[in-house]
Amino acid sequence: MKSDPVTLLGLSLLVGLLAIAPARADPASCDVPAYLLLTESPLPKVEAAIKSGRPLDIVVVGSRSSSIATSEASAWPGRLQASLKERLKVPVNLSVELQVKKTAEEVATDIVKLVEGKKPALVIWQTGTYDAMRSVDPEDFRTAVGDGAVALQGAGADVILMNLQYSPRTESMISASPYLDNMRVVAQEHEVPLFDRFAIMRHWSDQGDFDLFGAGHGLDLAKRVHDCIGRVLAKFVVDAARLEPAQQN
Amino acid sequence: MTSIADRIAGAAPADEADARGAATADLTVITLPARAERELRLDLFRGLALWLIFVGHLPNNIVTWFTFRNYGFSDATEIFIFISGYTAAFVYGRAMLEAGFVVATARILRRVWQIYVAHVFLFVIFLAQIFYVAARFDNPLYAEEMGIMDFLKQPDVTIIQALLLRFRPANMDVLPLYIVLMLFLPLIIWMMKRRPDVTLVLSVVLYALSWQFDLHLSAYPNGFWVFNPFAWQLLFVFGTWCALGGARRMSRVLSSPVTMWICAAYLLFAFCVTLTWHLPQLNFLMPKLIEQWMYPITKTDMDVLRFAHFLALAAVTVRLLPKDWPGLKSRWLRPLILCGQHSLEIFCLGVFLAFAGHFVLAEFSGGGPVLQLVVSLAGILIMSGMAWMLSWYKHSADKSAPRKKSAVGNADMAGGGS
């Protein structure tokens, strides 16, 4: 990446200021510091679709943490769709392929088949949790995620990877960090934007926006967290696709 | 210039009246060419490693900012394994010289058994924790993560796999690694006594082979050992090599200013890289090429960068902290040293306290920074108190026991093994 020193300095100052600025403790604001949403990897297919005014087709391939058992509509994929519709002029179609209790390797082998019929411009692949629970070899995991991402790109879709949830209560039982690291590596290697759900949720937890630690907060907490994830992800997609304000409402 | 070698060469007469009496007592009766004094720096840093392992196992909290892993590639695990190799070779090397291969091997195996029992004990505590969470924690947000409880449905398989060291919950990987390394200790020492450099080279070769051919131990239900023994043995064997004379031979290299500059530069580099992990705002400063070459820095296979980081850290530490530094005898460092001298017990206590601390923090909804601080400090205090008690007990037990018996019976406890 080449940047001239002045821009670099300006950018770093800006980012630094943004990071220092205190976050508001208003849960509904879904505040996320800008650096958690920075990505250099573009989304050309999404950009093209929106600029030409075609409908935006998205497929979410995810595990159980992409859903809420009793109220599917309030899970983050639904919230993402709603938020994108607000932001963009074009219609947004979104479908969800839940792959419950499957490792990344199992999903990767037929991920192209999963999305084939829908010809999506964008596939959001949420993965890692089940692999971490089964402590799959992180290298196998990395290969699988890489293969899956390449296959999707080959099939003509942009890809966004989404990593694990931040789950403090199971931290001592599920070791997340090898999987987080490897997803970051894959994202860099294949120039795929990574939506760092883990860091974002941890930020909310640290800021006191959401209490992710305690027991028995029930459905309401899940809905609010998913709503925020959907909204933040919509912003992430729009930013990564480099859409000028003109294309947005 | 004091170097790492002095700890072996040191012919200083052991001071019987010293507070360390109990620990050194058994060494003084062993007739070796040079009577070595207990190396307090080893205890100090092993104690520190134990504290850091405890703090590192607590959920993300402000105290974790004091742990090394936030400032470089290597962390407390490296220190723990290296010093364990060093002291084990020191103690059992003597035993082998004194009592012969068979008796020393038997003593090592007894130690392995102790570590195994400790591991099973920790597993039981883990089970208690997971059952508790399974019964109390019901959060639809984490429905998927709660799937980790699935193994409770087949205790017949899981518990047997745990006893076979193939099923290990998160954070319980150090002791199984240690057990495997200790099992090979008789062989390692036997070879070290004859051809130390060849042994070290063989260890490096095994390390390289483990990378080349992806050697690993499988785990249950699938996956692999989190600390790959084929890779981590290098650190352990390197520790034994240093203990059995390698450190003395390295002292010239270690005291050279060039070495110091290289080490300092590398530590600085590692610090800058880790900085970009914690402040993702700085990430854009990292050249992409270096990133692609460097990442991931695996802990499982003990990445070369980690090993090098540990070496640099050790070299600088040995240089900055001479063996006869008076601070080593100060009362302020006493708790650390005592913890280091009872490492197996304190390690287990630390893991237990980490579980307990997790529980406290969870019950009080994440706790504030104050609660986190209190939990961390309380844990460290309990660990120190326990170490003090163990040391007091051993001291008085040694005094009442017949001289001969205590000398032989306590070789394991004398900082070795654990």
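A residue counts as buried when its relative accessible area is under 20%. In this predicted model, Cys348(B) has a relative accessible area of 9% and is therefore buried by that cut-off. Its sulfur lies 13 Å from the closest cysteine sulfur, in Cys339(B), which is too far for a bond. Cys272(B) is, by comparison, partly exposed, with a relative accessible area of 40%. Here the closest cysteine sulfur belongs to Cys263(B), at 16 Å, again too far for a bond.

Over all chains, the count comes to 1 disulfide. This bond joins Cys30(A) to Cys228(A), with an S to S distance of 2.1 Å. The torsion about the S-S bond is about -75°, so the disulfide is left-handed. Cys30(A) sits in the loop between helix 1 and helix 2 (44-51) of chain A, while Cys228(A) is in helix 10 of chain A, so the pair links parts that are 198 residues apart in sequence. Both of these cysteines, Cys30(A) and Cys228(A), are buried.

Turning to the interface, 53 residues of chain A are in contact with 45 residues of chain B. The area buried between the two chains is about 4,300 Å², and carbon and sulfur atoms give 59% of it. On the chain A side, Arg169(A), Ser172(A) and Met173(A) lose the most area to chain B, together 18% of what that side buries. Between chain A and chain B there are 0 salt bridges, whereas 7 residue pairs are in polar contact across the interface. Several helices of chain A each supply at least two residues to the side that touches chain B, among them helix 1 (5-20) and helix 7 (138-154). Helix 10 of chain A gives the most, with 6 residues. By residue type, this side of chain A divides into 22 nonpolar, 17 polar and 14 charged residues.

Conventions:
Residues are numbered from 1 along each chain as its sequence is written. Chains are lettered from A and ligands numbered from 1 in the order in which they are written. This is a predicted model: local features need pLDDT of at least 70, side-chain atom pairs count only at pLDDT 80 or more; totals for chains, interfaces and linings use all residues. Side-chain values use heavy atoms; hydrogens and water are left out. Contact means heavy atoms within 4.5 Å. Buried area is the accessible area (1.4 Å probe) that two parts lose on being put together, summed over both. A salt bridge is a side-chain nitrogen of Lys or Arg within 4 Å of a carboxyl oxygen of Asp or Glu. A polar contact is a pair of N or O atoms within 3.5 Å; within protein, one must be able to donate a hydrogen and the other to accept it, and residues adjacent in sequence count only if both atoms are side-chain atoms. Helices (H or I, at least four residues) and strands (E, at least two) are DSSP runs, numbered from the N terminus. Ala, Val, Leu, Ile, Met, Phe, Trp, Tyr, Cys and Pro count as nonpolar, Asp, Glu, Lys and Arg as charged, and the others, Gly among them, as polar. A disulfide is a pair of cysteine sulfur atoms within 2.5 Å. Buried means under 20% relative accessible area, exposed over 50%, partly exposed in between (1.4 Å probe, protein chains only).
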